[in-house]
Amino acid sequence: MATYLAIDIGASSGRHILGRIRDGKIEEQEIYRFTNGAHEQDGHLVWDVEHLFDEIVAGLKSLRNAVAQKMNDLSLQFHNFLRSAVQA
């Protein structure tokens, strides 16, 4: 059974969600959740990209520890970069 990972980054929080199709139905399981929020920098609201990256990596490590089955798709353009960061 194929298992897919989605990383949802919202305005106030983010999460890692596993999804799979079983018996014609979509199942989802939240694996990791983290806080997010904008802060002011030079008169503009910006996200803390380093914090987001660290949380994405932490979620992938959590996933690696929680799930033993092989992931078929990470749905991320920079998935190879994140994979090398998790293995570090």
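Arg15 is partly exposed, at 25% relative accessibility. That label covers the range between buried (under 20% relative accessible area) and exposed (over 50%), with a 1.4 Å probe and protein chains only. The model is predicted: local features need pLDDT of at least 70, side-chain atom pairs need pLDDT 80 or more, and totals for chains, interfaces and linings use all residues. Residues are numbered from 1 along each chain as its sequence is written, and side-chain values use heavy atoms, without hydrogens or water.

Which residue does Arg15 pair with in a salt bridge? The partner is Asp8, and the closest N and O atoms are 3.2 Å apart. A salt bridge here puts a side-chain nitrogen of Lys or Arg within 4 Å of a carboxyl oxygen of Asp or Glu. Asp8 is partly exposed as well, at 35%.

## More salt bridges

How many salt bridges does the structure hold? There are four. One of them joins Arg33 to Glu30, with 3.0 Å between the closest N and O atoms. Arg33 is partly exposed, with a relative accessible area of 46%. Glu30 is partly exposed too, at 40%. Salt bridges link Asp8, Arg15, Glu30 and Arg33 in a network.

Arg22 and Glu27 also meet through their side chains, at 3.3 Å from N to O. Arg22 has a relative accessible area of 36%, so it is partly exposed. Glu27 has 29%, so it is partly exposed as well.

## The chain in outline

The chain has five strands and two helices. What order do they take? From the N terminus on, the elements run β-β-β-β-β-α-α. They are DSSP runs, numbered from the N terminus: helices are H or I with at least four residues, strands are E with at least two.

Of the 88 residues, 27% count as buried. Now take the contacts with a separation of 6 or more: 42% of them come from residues 24 or more positions apart. A contact means heavy atoms within 4.5 Å.

In soluble globular proteins, nonpolar side chains tend to be buried together. The largest nonpolar core in this model has 10 residues: Leu5, Ile7, Leu18, Ile31, Tyr32, Phe34, Leu52, Ile56, Leu60 and Leu63. The largest share comes from α1, with four residues. Such a core is a set of buried Ala, Val, Leu, Ile, Met, Phe, Trp, Tyr and Cys residues joined through side-chain atoms within 4.5 Å.

There is one aromatic pair in the structure. Tyr32 and Phe34 form this tilted pair, 6.2 Å centre to centre, with 35 degrees between the planes. Rings of Phe, Tyr and Trp (its six-membered ring) pair if their centres lie within 6.5 Å; planes under 30 degrees apart are stacked, over 60 edge-to-face, the rest tilted. Is Phe34 buried or exposed? Phe34 counts as buried, because its relative accessibility is 4%.

## The surface

The chain exposes about 6,200 Å², and carbon and sulfur atoms supply 49% of that area. Areas come from the Shrake-Rupley method (1.4 Å probe; for residues, only the protein chains shown count as cover).

Ile9, Trp47 and Val49 make a nonpolar surface patch of about 280 Å². Patch residues have over 30% relative accessible area and no salt bridge; nonpolar side chains (Val, Leu, Ile, Met, Phe, Trp, Tyr) are joined within 5 Å, like charges within 9 Å. Trp47 lies in strand β5 (residues 44-47). With a relative accessible area of 39%, Trp47 is partly exposed.
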